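Hi,

Here is the structure I promised to pass along.

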Amino acid sequence: MSALTPQSDMPTPTTDKITQAAMETIYLCKFRVSMDGEWLCLRELDDISLTPDPEPTHEDSWEDLTDVVERLRDDSEDPNYLMANERMNLMNMAKLSIKGLIESALNLGRTLDSDYAPLQQFFVVMEHCLKHGLKGKKTFLGQNKSFWGPLELVEKLVPEAAEITASVKDLPGLKTPVGRGRAWLRLALMQKKLSEYMKALINRKDLLSEFYEPNALMMEEEGAIIAGLLVGLNVIDANFCMKGEDLDSQVGVIDFSMYLKDGNSTKGSEGDGQITAILDQKNYVEELNRHLSATVNNLQAKVDALEKSNTKLTEELAVANNRIITLQEEMERVKEESSYILESSRKATKDRTADGQALTEARKQLKEETQLRLDVEKELEAQIGMRQEMELAMKMLEKDVCEKQDALVALRQQLDDLRALKHELSFKLQSSDMGVKQKSELNSRLEEKTNQMAATIKQLEQSEKDLVKQAKTLNSAANKLIQKHH
């Protein structure tokens with residue numbers, strides 16, 4: 001906190017200015033960014049009192065700002081607190097997304113399509129809201145979390161939703177539950193009934209409990225608030241072409257830069273308020289930078305684990321292929337032995353040199369060899385089936401690796417953008433510091449000139465008094481001379 005301590009020759013901002021700067025900073029500096037699994041936890045500063053004291057002093061003002069920053073760094077490890085924090089942050093992001101989408105759509109004045117950036121971000125935020133607290137289902141590759149299951153319940157609660165559910169199921173390009181859920185959200189928005197469907201779903205918490213944890217967003221009050229906010233989207237006209245759009249492999253990453261506000265757009269015109277806003281932006285960018293780096297490292301670890309698993313499956317597939325080749329060679333050998341036995345039996349029958357006992361043993365041996373051949377063929381078929389399953393699992397793993405790599409590239413790009421923003425903000429902070437120093441030097445010069453002028457005025461006043469005395473003396477001398485003359 002030493003960087004926030006004011007210097008002796010610089011003016012100190014009051015608590016009123018700090019409060020005004022913090023209140024006018026509407027962008028994501030009002031959030032606390034922390035990491036919990038796959039979630040970006042954002043905590044607002046509204047829970048911290050920014051009301052100024054009646055008679056603030058310079059020292060107390062900076063202590064208040066220090067307390068605000070220190071309280072922002074405190075992070076509770078209570079799971080219920082983290083879940084509540086995630087719900088509040090998702091609700092705030094939904095508010096920002098819906099408000100920005102409505103304002104931009106009304107200003108645009110035309111029908112929106114799938115390429116409209118605010119609309120894409122709205123669907124990403126809705127996807128995160130629906131995934132919050134979602135119970136995972138165990139599959140061959142691990143746990144799978146999909147919000148398509150809860151959305152399928154809507155057609156049972158609202159008969160009008162059966163049409164879009166059937167349309168989603170009939171789309172040929174959708175192969176995963178995530179893709180079907182995304183298509184369902186788009187069709188519901190086109191119908192202008194997304195709010196109605198979400199309200200009907202949230203009111204049936206007895207059905208949602210099968211898919212969500214008790215403290216999930218859809219199970220709490222925040223879900224009802226978001227459903228109410230969705231009513232405003234009925235004024236928007238949207239048209240999507242689902243055919244040919246790859247909804248299965250899209251990466252759902254929230255672009256926080258759309259909700260960042262430039263420090264030059266704040267209403268405060270005083271230099272102290274601008275410095276406070278720049279400091280808030282710098283602290284936010286640094287913290288978000290750290291957590292994005294942690295996310296990149298986690299994704300890289302997952303990619304490495306998937307690559308190791310892929311290598312292991314490749315080795316198992318190679319072993320299975322070798323086993324299949326061995327079984328095929330054994331089957332060929334059995335076929336050759338069976339053919340040899342059949343030829344021997346035929347020759348024995350023609351020559352009639354073998355007795356009945358030898359013929360019985362040959363038939364018995366032939367039957368055993370035939371049964372062995374059937375067993376080998378069954379085992380070969382089982383090995384071929386296992387090989388096909390392993391190839392399918394490898395393809396799914398490769399697809400998952402590609403998705404993780406795409407997400408990793410997107411996060412790295414966002415990290416580079418944030419680093420550039422951090423550099424720009426640091427430059428602005430340095431420029432502001434230089435301006436403040438110049439003002440302080442000018443102020444000191446003006447004070448010196450004022451003191452010099454005051455001393456000069458005092459000298460002039462003293463000279464004036466002396467002149468008055470001399471004038472009085474001269475007047476009295478003149479009067480005496482005039483009296484003597486008379």
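The model is predicted, so local features need pLDDT of at least 70 and side-chain atom pairs count only at pLDDT 80 or more, while totals for chains, interfaces and linings use all residues. Residues are numbered from 1 along each chain as its sequence is written, and side-chain values use heavy atoms, with hydrogens and water left out.

**Overall**

The chain has 13 helices and 4 strands (DSSP runs numbered from the N terminus: H or I of at least four residues for helices, E of at least two for strands). Of its 486 residues, 37% are buried (under 20% relative accessible area; exposed is over 50% and partly exposed in between, with a 1.4 Å probe and protein chains only). Taking contacts (heavy atoms within 4.5 Å) between residues at least 6 apart in sequence, 79% join residues at least 24 apart.

**H3 and H4**

Helix H3 (residues 79–108) and helix H4 (residues 117–131) cross at roughly 155°, and their axes come within 9 Å. Axes here are lines fitted to C-alpha atoms, for helices over the stretch in contact, with angles from 0 to 180 degrees between N-to-C directions. That makes H3 and H4 roughly antiparallel to each other. On the H3 side the contact includes Leu 90, Met 93 and Ala 94, and on the H4 side Phe 122, Val 125 and Cys 129 are among the residues met. By class, this contact has 10 nonpolar, 4 polar and no charged residues (nonpolar: Ala, Val, Leu, Ile, Met, Phe, Trp, Tyr, Cys and Pro; charged: Asp, Glu, Lys and Arg; polar: the others, Gly among them).

**H9 and H11**

Helix H9 (residues 194–202) packs with helix H11 (residues 221–229) at about 160°, with the axes 8 Å apart, and H9 and H11 are therefore roughly antiparallel. Ser 195, Met 198, Lys 199 and Ile 202 in H9 meet Gly 223, Ala 224, Ala 227 and Gly 228 in H11. The residues of this contact divide into 4 nonpolar, 3 polar and 1 charged.

**Cysteines**

How many disulfides are there? The count is 0, taking a disulfide as a pair of cysteine sulfur atoms within 2.5 Å. Cys 129 is buried, at 2% relative accessible area, whereas Cys 241 is exposed, at 55%.

Cheers

Key: Angles under 35 degrees count as roughly parallel, over 145 as roughly antiparallel, 65 to 115 as roughly perpendicular and the rest as oblique.
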